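The sequence and the structure come first.

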Amino acid sequence: MSAYFDSRSGRWIFEFSKTINGSRVRATKTLPKGWNRTKAEAYDKAETDRLYGVATGAIKERALITDAVAQYIKHRCPDLDNGNGVIKELARMHWCYEGRYIDELGDVAREFVDAERERLAPGSIRNRLSYLRSACRYAQKHHGIGSDIALTISMPVVKNERKFYPGRDVMLAIARKTPDRHARAVIRIGFYSGMRISEIIDATLQDGSFGLVDTKNGDDRTVPMHPRLFVLRKYFPLPYKKRWFQRLWERARDAAGFSHLHFHDLRHSTASAMVNSGVSLHTVGQVLGHKDSRSTQRYAHLAQETLQAAIRKIR
């Protein structure tokens, strides 16, 4: 048995060092806290068999989640607006995916949910799992790590949908409270396009539309430009990063007396205005860039109200 109990750390340690087919194969892993001898022995046997299989070519090497996360942190996180925050969140999860393989991602997710459901809110759990999934998908796509593995995670249900749909009068009241003309432009664009702050900042101007590359859902998309936004094209490229625009929004929002609103609520306003004008939920989802139709279903009740209003017009 290659595993032994380390009394100082109170954890089992797996150490492997053998010469196989003329090559030295070494592996060391600190097993999860709380494991007993039975679990350690089972891991020892399975991992020893795997190492022999890989060394002899009998089985294909399995990709580690930690390798995928390392590539994501090195190559992708520096380009993210909240890259440092993502790195911290992934570090907080390290205990769960340490030494685990990409093909075990679903099991890792379930174990993380079971372990943290009493301590973290469902939204926080969902966010951390999303970061971990994004890391694995990025490593698959750009670095070939576990490229033959289908990544699936069962996400916890989060029932925190907001019901605030600020109208044009509220949007203008908030915009007037900031002296920064770029911030005023961003607020108006958010209301008339449904784009997130980060999307507005990164958007490129096209002929009658905004071009978005590598959005939150990982896809490129084009957002039609409302006629009232044509005059704002002169403010591009925008000079600030997301956090500074967020601060300007919060100051203006508070000064206007709408402290309960988030910038993201302007996205809901865009959706509700389209639905109330008879636009289908499918089209609304395309404008907002929803990859999953369930994201658009939050506006289904508005569509029903629009249909009811239409049927009442029959005389």
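In this predicted model, strands E4, E5 and E6 form an open, antiparallel sheet, arranged in the order E4-E5-E6. The edges are taken by strand E4 (204-206) and strand E6 (221-224), each of which pairs on one side only. Direction ignored, neighbouring strands of this sheet are turned against each other by 35° on average. Strands of a sheet pair through backbone hydrogen bonds, and the pairing may be parallel or antiparallel.

Between E4 and strand E5 (residues 209-212) the pairing is antiparallel and consists of three bridges. Within this pair, Gln-206 stands opposite Ser-209 in E5.

| E4 | 204-206 |
| E5 | 209-212 |
| E6 | 221-224 |

The second topic is the cavity. How many cavities of 30 Å³ or more does a search of the whole structure find? The search finds one. The volume of the largest cavity is about 40 Å³. Two elements give two or more residues each to the lining of this cavity: helix H8 (181-193) and helix H10 (242-255).

The lining is made up of Ala-183, Val-186, Ile-187, Phe-245, Leu-248, Trp-249 and Phe-263. By residue class, the lining of the largest cavity has seven nonpolar residues, with no polar and no charged ones.

Definitions and conventions
Residues are numbered from 1 along each chain as its sequence is written. This is a predicted model: local features need pLDDT of at least 70, side-chain atom pairs count only at pLDDT 80 or more; totals for chains, interfaces and linings use all residues. Side-chain values use heavy atoms; hydrogens and water are left out. On a 1 Å grid over the protein atoms alone, a cavity is a set of points where a 1.4 Å probe fits but cannot get out, and a pocket is an open set with protein on both sides within 12 Å along at least five of seven lines; lining residues have an atom within 4 Å of a point. Grid points are joined across faces, edges and corners, and a volume is the space filled by probe spheres set on the points. Helices (H or I, at least four residues) and strands (E, at least two) are DSSP runs, numbered from the N terminus. Ala, Val, Leu, Ile, Met, Phe, Trp, Tyr, Cys and Pro count as nonpolar, Asp, Glu, Lys and Arg as charged, and the others, Gly among them, as polar. Two strands pair if DSSP finds at least two bridges between them. Axes are lines fitted to C-alpha atoms, for helices over the stretch in contact, and angles run from 0 to 180 degrees between N-to-C directions.
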